[in-house]
Amino acid sequence: MSKNKFFITFLVLPAFVLLAAVVFYPFLYNVALAFGNMNLNKIRDWHFIGLRQFVKIFTEPSQPDFYAVFLKTIIWTVVNVTFHVTLGVFLALLLNQQIKGKSIYRTLLVLPWAIPQCIVALTWRGMFNYEYGSFNLILTKYLGLPAVEWLRSPTEAFLACILTNVWLGFPFMMVVALGALQSIPHELYEAAEIDGATWGHQLRTITLPLIRPVMIPAITLGAVWTFNNLNIVWLVSNAGEPSDNTHILVSFVYKAAFNFYSFSYAAALSLVIFLILLVFSLIFMKQSRATEAAY
Amino acid sequence: MAVQTKRSKIIQQTFTYAVLTVFVVIAIFPIWQVVNISLRPGDQLLSTSLELMPKNATFDNYVKLFTERDFLRWMGNSAFVSLAVTITGVVFASMAGYGFSRFKFFGKNMGLLSLLTTQMFPATMLLLPMYIMLINLGLINTYLGVIIVYSATALPFCIWTMKGYYDTIPPTLEEAARIDGASQFYAFYKIILPLAAPALVITALFSFMTAWSEYLVAAQILQESLLWTLPLGLKSFEASMSTEWGLYGAASLIVMIPVVILFLALSKWLVSGLTLGSVKG
């Protein structure tokens with residue numbers, strides 16, 4: 001028995017020590033910072049000031065406004081995940097038929113997920129360029145429409161970020177949905193066909209309910225990833241341009257931490273974001289009764 | 001009746017192929033853009049045409065990347081950092097995942113749950129405290145600094161993947177070996193670990209890709225251009241007053257090709273690894 005204990009210790013301890021040093025300790029440190037007054041000038045002689053950073057977040061006006069950014073983050077997450085799931089499931093349904101060149105289509109459609117995010121973001125930023133970007137070239141030369149100031153006005157810049165992220169996110173949902181679709185037994189559809197069920201009816205009563213258990217955790221994960229996606233917003237809008245109007249919560253924190261060096265403020269805001277996500281995930285997973293499957 | 005169903009089937013097929021083709025074009029378009037830009041000669045970088053291939057296509061940008069810029073150096077940096085993160089990820093995750101899968105111990109559920117919770121951390125939540133720690137330890141502008149942060153980001157996911165995979169291997173295999181007199185370590189190392197090879201590959205690739213294409217952490221920790229990893233170099237082509245699109249295109253393509261190939265080869269595994277842990281049973 002004691003030999004067994006030694007073996008477990010040997011297996012798990014190294015990872016735990018590492019995680020304690022690089023995950024748990026920084027986490028606690030972040031919590032401590034959130035209640036302090038650290039900035040670049042006070043790295044060594046900071047002290048606790050209670051809840052003042054949180055009060056500042058929720059009550060003091062900031063540029064950009066916290067509530068506006070929060071609202072934008074929710075729009076960002078809902079719009080992105082909705083498109084990811086709808087497009088993903090739709091394409092998976094198309095791919096799940098007997099078609100020629102299925103694996104080629106599948107491979108090519110997965111490409112947006114395979115490309116490193118920073119390259120995706122910088123490339124799309126180039127495509128949104130006013131004079132030379134391909135979007136405006138297509139709009140003006142082929143569609144005869146006026147060019148759009150993609151990166152210079154707030155709404156369009158935010159739209160540009162969303163377009164980029166929709167492009168990059170649908171393959172994940174598609175692959176997950178395809179896996180789920182392939183595990184549905186064929187007999188179910190055959191039986192439904194004999195009973196005269198239409199395609200739409202089959203979709204609602206067989207397909208969607210059966211891929212649900214797989215999709216719910218994937219959607220939760222996708223929502224959390226999207227909510228926290230710093231790369232795309234930061235790099236497409238070039239750090240929140242125009243004039244800090246294109247931020248979601250994480251990019252707002254990143255800016256507060258590394259451009260303004262308000263360390264404690266940023267730590268408090270990180271904590272707020274984390275709690276929002278934690279509550280969301282718990283409620284969402286519980287609602288869909290998938291919690292027991294998470295173990 | 002039969003004719004009608006046949007016709008509706010043809011319509012359905014046409015619709016399928018048409019829609020799939022449209023989406024393939026959308027998926028490929030930005031990649032083709034990068035290829036196109038990388039092949040443009042210097043005087044056409046700001047071209048406003050949308051030709052499939054640029055006129056007088058040339059490899060000048062690629063040559064320039066290696067002869068006039070520190071690209072090779074950045075590549076070496078990236079390879080070194082990624083390799084270190086991969087080794088850390090695989091070694092620790094293969095061991096810890098096994099422990100989590102096979103044994104009961106104090107704090108096991110807490111541990112697993114907290115690994116899951118780390119997925120909800122906003123990037124800054126770990127990055128900021130670690131950044132301050134690295135300042136205090138004098139690890140800013142060192143490879144060790146980024147390696148530590150990347151390992152911390154990749155490890156929770158790797159442990160989950162490994163645990164999920166070990167769960168699918170029946171414990172009777174080790175029990176049989178133990179009856180034959182094998183030690184616990186031998187049973188793990190010689191019997192279970194080889195069987196878990198697919199999960200090991202995923203873990204390795206995931207760690208590698210995390211490190212290979214990460215920008216935001218590296219941007220804070222590696223400030224000297226000689227220490228830069230590839231994404232920082234890429235951004236530098238884009239960030240300067242006059243964007244060097246040609247170099248950017250060529251560099252992007254070189255950075256993405258290995259990752260894309262690896263990813264496509266393993267995308268099936270990656271998804272089963274992702275979902276296995278969460279939707280088992």
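Where in helix 9 of chain A does a kink lie, and of about how many degrees? I looked this up in a predicted model. The kink is at Arg212(A), shortly before the proline Pro213(A), and amounts to about 50 degrees.

I then checked the span of helix 9, residues 199–227 of chain A. Its 29 residues would reach 42 Å in a straight helix at 1.5 Å a residue, but the end C-alpha atoms are only 35 Å apart.

Next entry: the loop between helix 10 (230–236) and helix 11 (249–258) of chain A, which holds Pro242(A). I found a cis peptide bond between Glu241(A) and Pro242(A), with omega about -5 degrees. I noted a positive phi for Asn238(A), near 50 degrees, and another for Ser243(A), near 35 degrees. Most residues other than glycine have a negative phi, and most peptide bonds are trans.

Are these two residues buried or exposed? Asn238(A) counts as partly exposed because it has 16 C-beta neighbours inside 10 Å. Ser243(A) is exposed, as 9 other C-beta atoms lie within 10 Å.

I turned to the contact between the chains, to which chain A gives 69 residues and chain B gives 66. On the chain A side, helix 1 (residues 2–34) gives the most, with 15 residues. I sorted that side by residue type and got 57 nonpolar, 12 polar and no charged.

Last entry: chain B is assigned domain 1 (2–58) and domain 2 (70–279). Their contact takes seven residues from domain 1 and six from domain 2. The domain 1 side has four nonpolar residues, two polar and one charged.

Definitions and conventions:
Residues numbered from 1 in each chain as written. Chains lettered and ligands numbered in written order. Predicted model: local features only at pLDDT ≥ 70, side-chain atom pairs only at ≥ 80, totals over all residues. Domains from an automatic or database assignment. Contact = placed C-beta atoms within 7 Å. Nonpolar A, V, L, I, M, F, W, Y, C, P; charged D, E, K, R; others polar. Helix = DSSP H or I, 4+ residues; strand = E, 2+ residues; numbered from the N terminus. Expected span 1.5 Å × (residues − 1). Bend = angle between axes of the 7 residues up to and from the residue. Buried ≥ 20, exposed ≤ 12 C-beta atoms within 10 Å, placed from the backbone.
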